[in-house]
Amino acid sequence: MVPGIEDSPDPLLQFRMFFYRDAQYHRIGINLHQVPVNCPFMAQSYSSLNFDGQLRVDANHAMNPQYTPNSFVHKFRPDTAEAPYQLADNTVSRKSHFYHEGKPSEYDQPRALYQKVMNARAREHLHSNTARMLKVVEYPEIQLKYLAQLYCIDPAYAKGVYDLLPEQKFDFGQVKVQAQGAERAGKEAKFLPSKSTDILVGKPPPMPVYNQ
């Protein structure tokens with residue numbers, strides 16, 4: 001259908017709307033919308049996270065990372081997210097109702113594990129195992145961001161891993177700076193919980209639920 005024109009309840013039209021699309025999936029493949037003659041107006045401005053499949057015409061996202069958030073190409077567009085509808089008693093689509101998300105308290109449980117459950121030997125093993133994997137990361141900015149997350153758990157955790165890296169491409173002071181606000185890294189502010197009293201129940205909410 002041409003965008004902006006609704007379909008009528010005509011049975012034959014309804015039949016064709018389903019089977020014409022089904023035929024295109026069979027003949028062209030899952031990426032039929034990428035073929036220029038089939039591409040709806042402005043559809044190319046939205047970059048989905050779908051990869052591969054028949055008839056890719058965009059160089060398969062030019063081999064950009066297939067996950068989000070990432071440190072290179074942020075393909076997810078919050079302004080194109082679907083309208084929020086009630087899914088369960090305390091869940092609205094895409095809107096987080098986990099109170100600790102994006103807050104320093106989100107690190108409380110791993111901090112308790114590191115400080116109170118693990119003994120000194122277990123922490124040494126943790127530092128060694130983490131550093132063994134982190135050293136193969138070729139991008140210093142990713143190492144820095146990862147260590148910032150560890151710093152939020154416990155500065156000693158980040159320092160223990162940092163000291164074991166065979167090649168230290170940045171100063172540890174940068175880790176401390178990067179850790180400021182790291183609890184919101186990769187999170188869209190409009191999807192974070194607003195306040196603890198926000199409980200949306202029963203039906204599509206009558207008020208805006210995304211943070212402004």
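These are my notebook entries on a predicted model of one protein.

**Ground rules**

I number residues from 1 along each chain as its sequence is written, and I use heavy atoms for side-chain values, with hydrogens and water left out.

**Entry 1: the overall layout**

I started with the secondary structure and found 7 helices and 2 strands. Both kinds are DSSP runs numbered from the N terminus: helices are H or I with at least four residues, strands are E with at least two. Along the sequence I read the pattern α-α-β-β-α-α-α-α-α.

Next I looked up burial, where buried means under 20% relative accessible area, exposed means over 50%, and partly exposed is in between (1.4 Å probe, protein chains only). Of the 212 residues, 26% count as buried. The protein exposes about 14500 Å², and carbon and sulfur atoms supply 56% of that area. I note that these areas come from the Shrake-Rupley method with a 1.4 Å probe.

I also checked contacts, meaning heavy atoms within 4.5 Å. Among contacts with a separation of 6 or more, 56% join residues 24 or more positions apart.

**Entry 2: salt bridges**

How many salt bridges are there? I count 2, taking a salt bridge as a side-chain nitrogen of Lys or Arg within 4 Å of a carboxyl oxygen of Asp or Glu.

One joins Asp108 to Arg111, at 2.9 Å from N to O. I find both in helix α3 (residues 108-117), 3 residues apart, or about one turn of the helix. Asp108 is partly exposed because its relative accessibility is 40%; Arg111, at 23%, is partly exposed too.

The other links Lys159 and Asp163, with their closest N and O atoms 2.8 Å apart. These two sit in helix α6 (residues 155-164), 4 residues apart, again about one turn. I noted Lys159 as partly exposed at 33% relative accessibility, and Asp163 as partly exposed at 42%.

**Entry 3: aromatic pairs**

I then turned to the rings and found 6 aromatic pairs. The tilted pair of Phe15 and Phe19 is one of them, with ring centres 4.6 Å apart and planes at 35°. For the record, rings of Phe, Tyr and Trp (its six-membered ring) pair if their centres lie within 6.5 Å; planes under 30 degrees apart are stacked, over 60 edge-to-face, and the rest tilted. Phe15 and Phe19 are about one helical turn apart because they are 4 residues apart in helix α1 (residues 11-27). Phe15 is partly exposed at 48%, and Phe19 is partly exposed at 40%.

Tyr162 and Phe172 form another tilted pair, 5.3 Å from centre to centre with 55° between the planes. Tyr162 lies in helix α6 and Phe172 in helix α7 (residues 172-178), so this pair ties together parts 10 residues apart in sequence. Buried or exposed, I wondered, are Tyr162 and Phe172? Both are buried. I also saw that ring pairs link Tyr151, Tyr162, Phe170 and Phe172 into a cluster.

**Entry 4: charges over rings**

Last, I looked for charges over rings: NZ of Lys or CZ of Arg within 6 Å of the ring centre and within 35 degrees of the ring normal. Phe172 turned up again, with the charged end of Lys159 over its ring, 5.7 Å from the centre. Arg123 lies over the face of Tyr114, 5.7 Å from the ring centre.

Notes:
This is a predicted model: local features need pLDDT of at least 70, side-chain atom pairs count only at pLDDT 80 or more; totals for chains, interfaces and linings use all residues.
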